[in-house]
Amino acid sequence: MQDNKIDNQEPHHLGHRERLRQRFLEGGDGALPDYELLELLLFRSIPQRDVKPLAKQLIQHFGSFAEVIGAPVSRLTEVKGIGESVALDLKIVEAALKRAMKGQVAKKPVLSSWSSVIDYCRLAMAFAEREQFRILFLDKKNALIADEVQQTGTVDHTPVYPREVMRRALELSATALILVHNHPSGDPTPSGADMRMTRELVDIAKPLGIAIHDHIIVGRDGHASFKGLGLI
């Protein structure tokens, strides 16, 4: 009788899953550390297994929840237990978050929702493995016309062609720009090359009646604003 009772017990992780779901329902994401929020996602992708060790391993490997979902599929699948299907599920979550945050940025004048702009830029670029140069094109009311990645470079350099940037701004009838790029090293401190490129863009934009509101650099360790630093 005792053996049959043990055989009929549910796996211990099923009870853990239900308790974790309940904590999320009662306290939201703020009630959970990164690895437990990641567990909730993995429940859907890996229904038959205890995923707590895997969630902890992912956080340890990449550093944070944001860095896990921001990692490319090729790096995610390097972690034992993460196949392409699970990696794809995590990338879908990242895409959904980006779409939602971009929607918040697009709803109102960009300069009046600056924290949303920073959050969106960090999610979109801070954990990328290569440098990207992104431009937010704005109209005369500072509403978002377009959000475009202009160039993708190496781990520490992205070529920027100022005349191509201005040509695209004129095509879109943009009257202002916000420049954004990432530092894969994690440190968002502007380099000398960043400052020279920004000055060149400002000098070319001004006679065309195009304002450059800011140049934002994002990285794992935070962000830097050229305007905030007095560089624009």
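Me: Which residue lies over the face of Y35?
Reply: Bear in mind that this is a predicted model. A charge counts as sitting over a ring if NZ of Lys or CZ of Arg is within 6 Å of the ring centre and within 35 degrees of the ring normal. Here the distance from the ring centre is 4.9 Å, and the residue over the face of Y35 is K56.

Me: And how many aromatic pairs are there?
Reply: Ring pairs get described by the distance of the centres and the angle of the planes. The cut-off for a pair is centres within 6.5 Å. By this rule, the number of aromatic pairs is zero.

Me: Moving on to pockets, which helix gives the most to the lining of the second largest pocket?
Reply: That pocket has a volume of about 170 Å³. Its lining comprises 15 residues, and the closest to the centre are G70, F127, A128, E129 and Q132. Two helices, α7 (84-107) and α8 (114-125), each supply at least two lining residues. The top contributor, with three residues, is α8.

Me: Which residue in β2 stands opposite F137?
Reply: On the β3 side, the bridge partner of F137 is L177, and β1 (residues 132-138) pairs with β3 (residues 176-182) in the antiparallel sense over six bridges. β1 and β2 are antiparallel too, over seven bridges. In β2, the residue opposite F137 is A146.

Me: Which residue in the turn between β1 and β2 has a positive phi?
Reply: These two strands form a hairpin, with five residues between them. The phi in question is about 65 degrees, and it belongs to N142.

Me: How many residues join β4 to β5?
Reply: β4 (residues 211-219) pairs with β5 in the antiparallel sense over four bridges. Within that pairing, V218 stands opposite H223. The link between β4 and β5 is a hairpin, and the number of residues it goes through is two.

Key: Residues numbered from 1 in each chain as written. Predicted model: local features only at pLDDT ≥ 70, side-chain atom pairs only at ≥ 80, totals over all residues. Heavy atoms only, no water. Phe/Tyr/Trp six-rings, centres within 6.5 Å; stacked < 30°, edge-to-face > 60°. 1 Å grid on protein atoms, 1.4 Å probe; cavity = no way out; pocket = protein on both sides within 12 Å on 5 of 7 lines; lining within 4 Å. Points joined across faces, edges and corners; volume = space filled by probe spheres on them. Pairing = 2+ DSSP bridges.
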